[in-house]
Amino acid sequence: MKNCWKAEFASRFRRHEDELKWLYCELYHSDEKAYGRFADMLYRLWEERPEKLKAMDRDREDSPGWYRERSLVGMQMYVQAFAGNLQGVRKKLDYVAECGVNYLHLMPLLESPKGRSDGGYAVSDFRRVQPELGTMEDLFALADACHEKGIAVCLDFVMNHTSEDHEWARRARSGEKEYQDRYFFYDGWTIPAAFEQTVPQVFPATAPGNFTWCEEAKKVVMTTFYPYQWDLNYANPAVFNDMTDCMLNLCNHGVDVIRLDAVPYIWKALGTSCRNLKQVHTLVRMLRMACEIVCPGTLLLGEVVMEPSKVAPYFGTEDKPECHLLYNVTTMATLWHTAATRDVRLLRHQLQQVFALPRNRAFLNYLRCHDDIGWGLDFDFLRSLGQTEVPHKRYLNDYLTGKWPGSPARGELYNDDPRLGDARLCGATASLCGIESARESGGKAAMADAIRLDEMLHAFIFTLSGVPVLYSGDEIAQENDNAYRSDPLKKEDSRYLHRGNMDWKKAALRKKKTTPEGKIFSAIRRLEQARAAHLAFDADADVWLPDTGSDQVLCIGRYCGGEQVLALFNFGDTEQTAWLRDEKIYTDLMDGSRGDAGKVVLPPHGFRWLLHDFSGEE
Ligand code: GLC
């Protein structure tokens with residue numbers, strides 16, 4: 001604590017000082033000098049923070065639950081794919097707003113070497129935007145324009161590694177020990193080989209192994225992801241200090257939500273899986289405090305794509321929170337399992353776990369993102385239903401790639417590891433739902449069914465508490481993009497199948513209600529509006545899972561402030577009846593029809609949102 005610090009900063013710092021110093025000194029062996037530099041850095045960044053953003057911080061401190069509002073709708077997009085560059089995105093903000101979106105995740109846009117970028121996830125300069133996308137000033141201007149429209153901006157902070165072209169990596173390569181100490185360098189293969197005994201592989205087919213030989217340094221370097229992504233060593237306080245500085249600099253450019261990329265991987269220890277180690281939680285907790293001190297309006301979104309039990313701990317505890325937001329990744333994968341099996345039992349079981357968490361835990365709910373879908377399902381539960389892991393994954397992949405007889409899906413495998421039978425899956429939502437194959441075959445009934453499935457899955461993510469996030473293009477049923485196959489820089493990575501350029505011709509069809517584009521677009525708009533209009537969708541609502549009497553139909557109940565919603569989803573491909581034995585009168589929020597909920601009939605892949613308002617009753 002320094003006397004010269006201004007009162008606002010000082011009071012925020014004081015609130016966290018004890019815990020911050022304790023954690024920092026414990027992790028960094030009482031390196032008080034490094035801690036002093038960390039604290040000074042926080043003050044400098046607070047001083048640098050533009051007044052407009054400080055005013056926003058104060059507003060958000062007054063309403064700390066702002067990100068749990070049910071009116072929040074997110075969209076994620078690659079700047080280049082959506083509008084060429086940052087200025088282009090600014091010009092298209094009216095479209096973003098027309099989609100009802102008020103949370104915009106811009107995919108990695110910082111400097112990254114061509115052809116060795118992993119979709120921007122290999123950053124060579126955390127303080128420069130990729131030149132073809134614009135400048136830091138453009139980013140600031142875009143964030144400002146978003147804020148004017150009430151849109152929050154999310155940006156990735158790729159903290160586990162840097163590109164091999166980053167200045168630190170270049171200096172390490174040329175032999176500077178100080179910079180080698182920022183990574184994991186080894187003279188020979190003995191220690192790397194020992195790590196390989198316990199560390200799984202992220203890209204077993206496209207980038208096998210966790211280490212790479214660096215010819216210039218004549219040493220081995222740790223590269224968990226691609227060989228050109230060098231893992232940072234957070235046991236070195238200089239790495240933590242400088243990376244926190246880079247993160248806060250992004251916040252000072254107007255970024256409201258920091259996506260902590262690959263966060264479970266940031267601490268490594270021999271003899272472990274190098275995932276989710278307890279030091280990771282210490283680091284995230286310290287980042288949370290750094291934000292609360294410098295820019296308390298900023299949120300941390302953890303990218304924790306892990307098995308179910310490993311995810312929720314990243315929220316931290318009530319007293320010591322870590323991330324504000326996490327991806328509802330298990331629910332997302334379970335949803336596709338349910339679409340492929342037409343059996344809702346695992347989904348019910350999964351939702352029971354989610355609903356048991358405290359209500360202030362906020363998830364991002366999504367159908368797919370820029371990455372593959374990994375089958376991180378609750379296999380213990382599936383075993384109790386008589387299904388075993390490897391054959392079941394094979395079935396899901398066969399079904400969703402369309403290999404299974406009668407399946408209309410058009411996905412593609414990702415990182416097929418034949419040893420483990422562990423392939424993951426790629427594909428745009430519309431193509432996985434069968435819209436692509438129905439368009440090609442011209443089958444009207446097939447198209448109607450595929451559209452119903454696509455709408456139902458969207459309705460599902462709008463039913464849950466948390467922030468529903470669309471992938472740009474899914475709102476107009478954009479299909480797979482096969483062009484990546486002929487691009488030498490992309491063809492090895494099938495995730496590009498679902499990262500295609502925004503098709504603005506298709507977007508123009510959103511206004512024609514008879515087209516798939518128009519149907520999906522207007523269905524999503526109706527969902528957004530009904531969700532925003534009704535208290536039952538509030539994050540504080542009671543949520544439960546009424547029995548439907550059918551393993552093909554899932555029902556979610558929500559109650560808040562005198563309103564009750566029953567959301568019903570038929571995952572079956574035939575008409576189904578849900579026996580809810582509820583004689584109250586409900587209004588269907590999609591078509592306005594009224595009736596009781598004793599017996600609800602749903603078309604194949606149909607859904608219903610039924611509302612009962614208790615306020616008019618005696
Ligand atoms: C995250 C990103 C993914 C990337 C990886 C390495 O998982 O979502 O696209 O390949 O991190 O940075």
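Visitor: How many residues line the second largest pocket, and which of them lie nearest its centre?

Guide: The second largest pocket is lined by 34 residues, and Gln80, Ser117, Gly119, Lys490 and Tyr496 are those nearest its centre. A pocket is an open set of points on a 1 Å grid over the protein atoms alone, reached by a 1.4 Å probe, with protein on both sides within 12 Å along at least five of seven lines, and a lining residue has an atom within 4 Å of a point. This is a predicted model, in which local features need pLDDT of at least 70 and side-chain atom pairs pLDDT 80 or more, whereas totals for chains, interfaces and linings use all residues. Residues are numbered from 1 along each chain as its sequence is written, and side-chain values use heavy atoms, leaving out hydrogens and water.

Visitor: How much space lies in the second largest pocket, and how does its lining divide by class?

Guide: About 850 Å³ lies in the second largest pocket (the space filled by probe spheres set on grid points joined across faces, edges and corners). Its lining has 15 nonpolar, nine polar and ten charged residues, with Asp, Glu, Lys and Arg counted as charged, Ala, Val, Leu, Ile, Met, Phe, Trp, Tyr, Cys and Pro as nonpolar, and the others, Gly among them, as polar.

Visitor: What should I look at in the largest pocket?

Guide: The largest pocket holds about 1,300 Å³ of space, and of its 49 lining residues Tyr265, Val305, Met306, Gly374 and Arg424 are closest to the centre. Helix H14 (329-341) and helix H17 (389-400) are the elements that give two or more residues to this lining, with the largest share, four residues, coming from H14 (helices are DSSP runs of H or I, at least four residues, numbered from the N terminus). By class, the lining of the largest pocket has 23 nonpolar, ten polar and 16 charged residues.
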